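Please keep the sequence and the structure in view while reading.

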Amino acid sequence: MPTHDLEAAVDGLLALPFPPDGPDGPDCHVRVLQASQDFWEDRSEEIVEAAEEEIDAAFQALITAFTARWGRPETIDLDPYLWSEAPAPEPMSTLAQLSGEMLLWRRPGADRWVALTVGQADPEFPIELRAAVGTASILTGHDSNG
């Protein structure tokens, strides 16, 4: 998918209202922007590497675009959300199932943040590039700067 289409998808998430009991949790939206094939049938090195490169190219293009818009992102360690004894808030719980970290942009003058993650839930599953949009309050107590 072209970068401008991926950016438009994130802009669409930024414009959506947050329902109190939305499917992604309160005050957030999470979407898969791009996904590779799954690897149930063929997990050969060349197939996996090609998929990783395709997803990484989209990820890097979005990083460049969002950094130009909003400045350098923060790196948020998602491992504490995965291993915490207390239930993790959404969307951190969902994102931590996919990846160990996310890049977060706090938009100047806006109450919403934008985050990107890349990961894979299991070796047979697709590699996914996900975007999350939420309010800054979701990260309270768990965020870490990288």
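The structure is a predicted model. Residue numbers run from 1 along the chain as its sequence is written.

## Salt bridges across the chain

Side chains of opposite charge can pair when their charged atoms come close. By the rule applied here, the count of salt bridges in this model comes to four.

One of them joins R69 and D11, whose closest N and O atoms are 2.8 Å apart.

Another salt bridge connects E74 with R106, and here the closest N and O atoms are 2.6 Å apart. This pair too links distant parts of the chain: E74 belongs to strand β2 (residues 74-77) and R106 to strand β3 (residues 101-106), 32 residues apart. The relative accessible area of E74 is 19%, under the 20% limit, so E74 is classed as buried. R106, with a relative accessible area of 32%, is partly exposed.

A further salt bridge is formed by R130 and E128, with 2.7 Å between the closest N and O atoms. R130 is buried, at a relative accessible area of 16%, and E128 counts as buried as well, at 14%. Elsewhere, salt bridges that share partners join E7, D11 and R69 into one network.

Where in the chain is E7 found? It is located in helix α1, which covers residues 3-15. Is E7 buried or exposed? With a relative accessible area of 18%, E7 falls under the 20% limit and is therefore buried.

Apart from residues up to four places away in sequence, E7 touches L62, A65, F66 and R69. Of these residues, R69 is also joined with E7 and D11 in the network of salt bridges.

## A patch of negative charge

Which residues gather in a patch of negative charge on the surface? They are D38, E41, D42, E45, E46, E49, E52, E53 and D56. One of these residues, E49, is found in helix α2, which spans residues 45-70.

## Two partly exposed loop positions

L16 is found in the loop between helix α1 and strand β1, the latter covering residues 28-35. Its relative accessible area of 33% makes L16 partly exposed. Leaving aside neighbours within four places in sequence, L16 is in contact with H29, R31 and R112. The C-alpha atoms of L16 and V133 are separated by 9.5 Å, although these residues are 117 residues apart along the chain.

G100 occupies the loop between helix α4 (92-96) and strand β3. At 33% relative accessibility, G100 counts as partly exposed. Beyond its neighbours within four places in sequence, G100 has contacts with I76, D77, L78 and D79. The C-alpha atoms of G100 and Y81 are 9.4 Å apart, and 19 residues separate the two along the chain.

V30 has its place in strand β1. The relative accessible area of V30 is 10%, and this residue is therefore buried. Setting aside neighbours within four places in sequence, V30 is in contact with D24, P91, L95, R130, A131 and A132. Among these contacts is R130, the partner of E128 in a salt bridge. From C-alpha to C-alpha, V30 and V10 are 9.6 Å apart in space, and they are 20 residues apart in sequence.

A58 lies in helix α2. With a relative accessible area of 9%, A58 is buried. Which residues does A58 touch, not counting those up to four places away in sequence? They are L6, Q34 and L129. The C-alpha atoms of A58 and L129 are separated by 8.0 Å, while the two residues are 71 residues apart along the chain.

Methods:
This is a predicted model: local features need pLDDT of at least 70, side-chain atom pairs count only at pLDDT 80 or more; totals for chains, interfaces and linings use all residues. Side-chain values use heavy atoms; hydrogens and water are left out. Helices (H or I, at least four residues) and strands (E, at least two) are DSSP runs, numbered from the N terminus. Buried means under 20% relative accessible area, exposed over 50%, partly exposed in between (1.4 Å probe, protein chains only). Contact means heavy atoms within 4.5 Å. Patches are made of residues with over 30% relative accessible area and no salt bridge: like charges are joined within 9 Å, nonpolar side chains (Val, Leu, Ile, Met, Phe, Trp, Tyr) within 5 Å. Accessible areas come from the Shrake-Rupley method with a 1.4 Å probe; for residues, only the protein chains shown count as cover. A salt bridge is a side-chain nitrogen of Lys or Arg within 4 Å of a carboxyl oxygen of Asp or Glu. Lys and Arg count as positive and Asp and Glu as negative; His and the chain ends are not counted. The place of a charge is taken as NZ of Lys, CZ of Arg, CG of Asp or CD of Glu.
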